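Student: Hi! Could we go through this structure together, starting with the charged pairs?
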Amino acid sequence: MVFFLRPNVKNMRRIASMVLSNQSRNIRKEYFVVLSPKKTFLCMDELEAMKVSSSVKVQSFNFDLIPLEQDILSMELERPFHEHFVRSNQSLVHLVTESVLRLQNALGTFEHHFAKGNSSVVSISVNAANT
């Protein structure tokens, strides 16, 4: 079974519950969990606490830029405003920076960079330093 999930403890509990239920009924399956944008220590700790970490293979995959149109890309991030401004989670800036760098690797260095807001300026300065 393959699961594509956001990395949160609630999702890990659901997976663990399913694994334990199947194991109690002697149903043997392989479990693969793909967490997007990345796996977290909290998720891995939860699987260990539920004693299913050896039965579940966990990977990260950043779906970062999803093409919506020929010239429009979307970053599908869960609650970015809340995460960045309310919880002061700076990992979103890192994800955006990685995505832009990956895009430049595929298409070539961008001639012009424009930023609006402090976080955008940080992302652009990191991109400029890496090109």
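This is a predicted model: local features need pLDDT of at least 70, side-chain atom pairs count only at pLDDT 80 or more; totals for chains, interfaces and linings use all residues.

Student: How many salt bridges does a search of the whole structure find?

Tutor: The search turns up two salt bridges. In one of them, the side chains of Arg-13 and Glu-46 meet at 3.1 Å, N to O.

Student: Which helices do Arg-13 and Glu-46 lie in?

Tutor: Arg-13 belongs to helix H1 (residues 9-24) and Glu-46 to helix H2 (residues 41-49), so the pair ties together parts 33 residues apart in sequence.

Student: And is Glu-46 buried or exposed?

Tutor: Buried, because its relative accessibility is 14% and the cut-off for buried is under 20%. Arg-13 is partly exposed, at 47% relative accessible area.

Student: OK, what does Glu-30 form a salt bridge with?

Tutor: Its partner is Lys-57, with the closest N and O atoms 3.7 Å apart. This pair also links distant parts of the chain: Glu-30 sits in the loop between H1 and strand E2 (31-35), Lys-57 is in strand E3 (residues 56-60), and they are 27 residues apart.

Student: What about the exposure of Glu-30?

Tutor: Glu-30 is exposed, with a relative accessible area of 51%, while Lys-57 counts as partly exposed at 48%.

Student: Changing topic: where is Ser-125?

Tutor: Ser-125 is placed in helix H5 (residues 118-130). Its relative accessible area is 41%, so Ser-125 is partly exposed.

Key. Residues are numbered from 1 along each chain as its sequence is written. Side-chain values use heavy atoms; hydrogens and water are left out. Helices (H or I, at least four residues) and strands (E, at least two) are DSSP runs, numbered from the N terminus. Buried means under 20% relative accessible area, exposed over 50%, partly exposed in between (1.4 Å probe, protein chains only). A salt bridge is a side-chain nitrogen of Lys or Arg within 4 Å of a carboxyl oxygen of Asp or Glu.
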